[in-house]
Amino acid sequence: MEVVAGASELPLPESFLEFLNQNGLDPSIYAASQSTPRYIRLKPGCKPELAEIETEMKCKLEEVCWLPDFYYLPPDVRIASTKAYQEGKIYGIDASSGAAVLALDISPGDHVLDLCAAPGAKLCMILDLLGGSGSVTGVDVARHRLAASRTMLQKYALGDQCRLLVADGTTFSLTPLRAQSNSKSCNSMVEENSKIYNEWTPRRPWKERKRIAKASKTISQIEEPELIFYGRQSGVVGLSKYDVYRKVNDHEISQFGYDKVLVDAECTHDGSIKHIQKFEQWGWTTLPRRVLDAERTDDLTVLQLKLLINGFRLLKVGGSLVYSTCSLTVAQNEDVVERFLLEHTSAKLLEIDAAKNWPCRQARIPKALRFDPLTSSTSGLFVAKFTKLNA
Ligand SMILES: C[S@@+](CC[C@H](N)C(=O)[O-])C[C@H]1O[C@@H](n2cnc3c(N)ncnc32)[C@H](O)[C@@H]1O
């Protein structure tokens, strides 16, 4: 496979340059990889410890003026070995990702759905912003990636209000558990369905693991989501399986659906300069397979639209949904949003109030925004926000 050193100074594979060309993207953006800053987010409540953290990291942390709790991380500083990181006081997250979460405008008590949640940086920030109220349902189709999110939640002690489900976000149908408050399981349910969830423990007794394995076989056959974690305040503890997995109709969803939905959709990641830069270690020849796999990209915009449609279906009337991708292409962003709006008259694009000072620009459609690595000093990100009107 031919690998070419282009305007980007990086030896980008020919097929990736072709992809950029087809999408009208300038390869020189990848030259910004060295100059794009890294960011960390300080866990709320840890600000008094900032001086101590700076001493440990042997650097001054400059605050990002447009994004609360975010700091620029000097390029030579590694956080993984620091006590602050190991104790879960700081975590690495790009400022544009933080902006996508802020666009949700999380309020205390919100029930939030994160439909493509893994590996979980945005999930953590959502839980941080909820500050011990409401609930978060994190869904991802990749079990191993969602398991990594579970580890992250435990590390940052953020799991209390959260449940994690391995499921296909295009068909996921569970509403927040408040929707089930009026419908407890009845006696006629089979024993498996009337099983009451106790507090979640990482290691389950052998007998129970065997029973779960048997049950999950049944679950996958009927394509039910697999619950791989639930916190003490997630609403799951004390409910029966029937209550947790109960499906509700569209009328109930309009009242009891999620207050906020994040659809941070699977994409080609071409806007994530740091992601593309990682191929320096992974090997440039693996980029076409990992990023541009034909089967994946052909179906990608269809998947993105389906995720957006299903996320919107699960939103309650008056709630807000944020659609984001870290691709810079129009096909995965504006085109998906336009197709969605054509088919969904109850969807209305919203201005992102929090964005007044953000270093981003307007996307090709009004109200949607784009972070551009060359001008925003962040990774690339597209963000559009919707609300649901009464149908
Ligand atoms: C851009 S990443 C999400 C990043 C995540 N929001 C974060 O902040 O760490 C996209 C995710 O979508 C997941 N995904 C792909 N297809 C999916 C589907 N059909 N349903 C749910 N998740 C899916 C991938 O496994 C991947 O973890």
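Which residues does Cys326 touch, not counting residues up to four places away in sequence?

1. Cys326 touches Cys267, His269, Gly271, Ser272, Ser379, Gly380 and Leu381, with residues up to four places away in sequence left out. Two residues are in contact if their C-beta atoms, placed from the backbone, lie within 7 Å.

2. This is a predicted model, in which local features need pLDDT of at least 70 and side-chain atom pairs count only at pLDDT 80 or more, while totals for chains, interfaces and linings use all residues. Residues are numbered from 1 along each chain as its sequence is written.

3. The unreviewed UniProt entry annotates Cys326 as "active site". UniProt positions follow the numbering used here, feature names are shortened, and annotations may be inferred rather than shown by experiment.

4. Cys326 sits in the loop between strand S12 (315-325) and helix H14 (334-343). Helices (H or I, at least four residues) and strands (E, at least two) are DSSP runs, numbered from the N terminus. The protein has 15 helices and 16 strands.

5. Cys326 counts as buried because it has 24 C-beta neighbours inside 10 Å. Buried means that 20 or more other C-beta atoms lie within 10 Å of the residue's own, with C-beta atoms placed from the backbone. Of the protein's 391 residues, 42% count as buried.

6. Two strands pair if DSSP finds at least two bridges between them. Strand S3 (residues 38-42) pairs with S6 over 3 bridges, and Arg41 stands opposite Tyr91 in S6.

Technical notes:
Buried ≥ 20, exposed ≤ 12 C-beta atoms within 10 Å, placed from the backbone.
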